[in-house]
Amino acid sequence: MRLCVDKLSVSRGGRLVLDRLSFSLFAGQALVVTGPNGAGKSTLLRALAGLLPRAGGGVALEGGAPEAELAQQAHYLAHSDGMKSALTVEENLDFWSRYLAQAPDRRSRSVDDALGVVGLGHVAAAPFGVLSAGQKRRAALARLLVAFRPLWLLDEPLTALDRASREKFAVAMRDHCALGGLIVAATHEPLGLEEASTLALGGAS
Amino acid sequence: MTSPLAALFLREWRVARRIGGSGAMGVVFFLTLVAIVPFAVGPDPNLLARVGPAILWIAALLATLLCLDRLFQADAEDGSLDLFHLAETPLELAVLIKCAAHWAATGLPLVVAAPFLGLMLQQETMALLGVVATLLVGTPALTLIGAIGAAATVTVRRGGLLMALLVLPLTIPVLIFGVSAAQAASGGTVPFYAPFAILCAITLAALALCPFAAAAALRYLGE
């Protein structure tokens, strides 16, 4: 499986934020996108997920599931968690596991299992709204585990996480790469993936 | 209950029924609106019996709109809407399921409450049945048409008022045929089934068209 980004251009508000960006990523690899604020890190991830229109160029996931679009094989995690405060953590994750994983995949983890990985097993029955910021983030990370999708698009995944949770998540990311997954993460902080390559986006141009 | 659509329905239903959801709010608003009408128009039984179906319909329309403005906005704020774009389930189908769950949680209680409130407005048995039947058929159309407005105002902060301005003119046909069928049920020169059949047709047309319009608005505004 290979993620090919070919001369990708994206403009926002009339300004060309990404100008003919090209890179490729093979299964099992991680890419860390760095750059100052406004360099286009979030724009790149949203464009990869198909949430922003592309001004030019193409994005393809070669060797993935046939007939599936790239967006349907990708997890997108941004600043918002995608969880309902009124529902419990378990109900939220159960919903996303059913909604995002259409076909059963043995690489998908059960909700209990995923909550154990991020260390939230004890608050599974608590409403999502009462969790702390770091716990909410960990619940959002658990969403990546309950439905296996090969490509992870992570926008500042480590926000509000303590050191122990970062290490747990680094292990989860390594496991994902070992299963043949791909990770594109935009971050200012070290992810804990030594083997990850880096893509530095330039300053505001 | 393992399919993605069933999971989405269950989630929307739970959110609407939990504390802070729109389920109970709509019924209470409906009750309040109907209860204040006799204070405004006076307690004359004949007058109340004549305007009753219209009052019930207007109150149901406003109660439906009141609950609808957060239909997509809540999902846009917590990031769920982005994830809906990434799912294999088409956005149109997700919109339809969200509308169905929303109607079951907020529209259906209005239909159930209507006959009890109708008694306060001096409605006879046939008129009560007429109001319940027309609301049962007509409120799904209100929810579906309102979903277009909710989708079009998804990025507008406090977009509820703007949504009402956009949606109210579109609901006029539903209101006209709903009220005329409800009034025809208790007598009059018009047969009941003629406006009722048109009301059914409007709901079916809304069912076919509105999910596409709302999903198109969400796609366009999501960019």
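**Sheets, a helix and a contact**

In chain A, strand β1 (residues 2-12) and β2(A) run antiparallel and are joined by eight bridges. Helices and strands here are DSSP runs numbered from the N terminus, with at least four residues of H or I for a helix and at least two of E for a strand. Two strands pair if DSSP finds at least two bridges between them. Before I go on: this is a predicted model, where local features need pLDDT of at least 70, side-chain atom pairs count only at pLDDT 80 or more, and totals for chains, interfaces and linings use all residues. Residues are numbered from 1 along each chain as its sequence is written, while chains are lettered from A and ligands numbered from 1 in the order in which they are written.

Back to β1(A) and β2(A). Val5(A) has Phe23(A) of β2(A) as its bridge partner. Which sheet do these strands belong to? An open, antiparallel sheet of three strands, in the order β2-β1-β4 of chain A. β2 (15-26) and β4 (56-62) of chain A are its edges; each has a single partner strand, so one side of each has no neighbour in the sheet. From one strand to the next, the twist averages 20 degrees. Axes for such angles are lines fitted to C-alpha atoms, for helices over the stretch in contact, and the angles run from 0 to 180 degrees between N-to-C directions.

Chain A also has an open sheet of five strands, paired in parallel, with the order β5-β6-β7-β3-β8. Its edge strands, β5 (74-77) and β8 (197-200) of chain A, each pair on one side only. Direction ignored, neighbouring strands in this sheet are turned by 15 degrees against each other on average. Four parallel bridges pair β5(A) with β6(A), and Leu77(A) stands opposite Leu154(A) in β6(A). Across β3 (30-34), β6 and β7 (182-186) of chain A lies α5(A), at about 140 degrees to β7(A).

The loop between β6 (151-155) and α5 (163-178) of chain A holds Ala160(A). Ala160(A) is not a glycine, yet has a positive phi of about 70 degrees. In general, most residues other than glycine have a negative phi.

Now chain B. α6(B) has 30 residues and spans 42 Å from first C-alpha to last, close to the 44 Å expected at 1.5 Å a residue; the expected span is 1.5 Å times one less than the number of residues. α6(B) has a kink of about 40 degrees centred on Trp103(B), the bend being the angle between axes fitted to the seven residues ending there and the seven starting there. Just after α6(B), Gln122(B) takes a positive phi of about 60 degrees. Gln122(B) lies in the loop between α6 (91-120) and α7 (125-152) of chain B, and is partly exposed, with 18 other C-beta atoms within 10 Å.

Last, the contact between the chains. How many residues does each chain give? Chain A gives 23 residues and chain B gives 23 residues, where contact puts C-beta atoms, placed from the backbone, within 7 Å. On the side of chain B that touches chain A, α1 (4-17) and α5 (80-86) of chain B are the elements giving two or more residues. α1(B) gives the largest share of that side, six residues.

Methods:
Contact = placed C-beta atoms within 7 Å. Buried ≥ 20, exposed ≤ 12 C-beta atoms within 10 Å, placed from the backbone.
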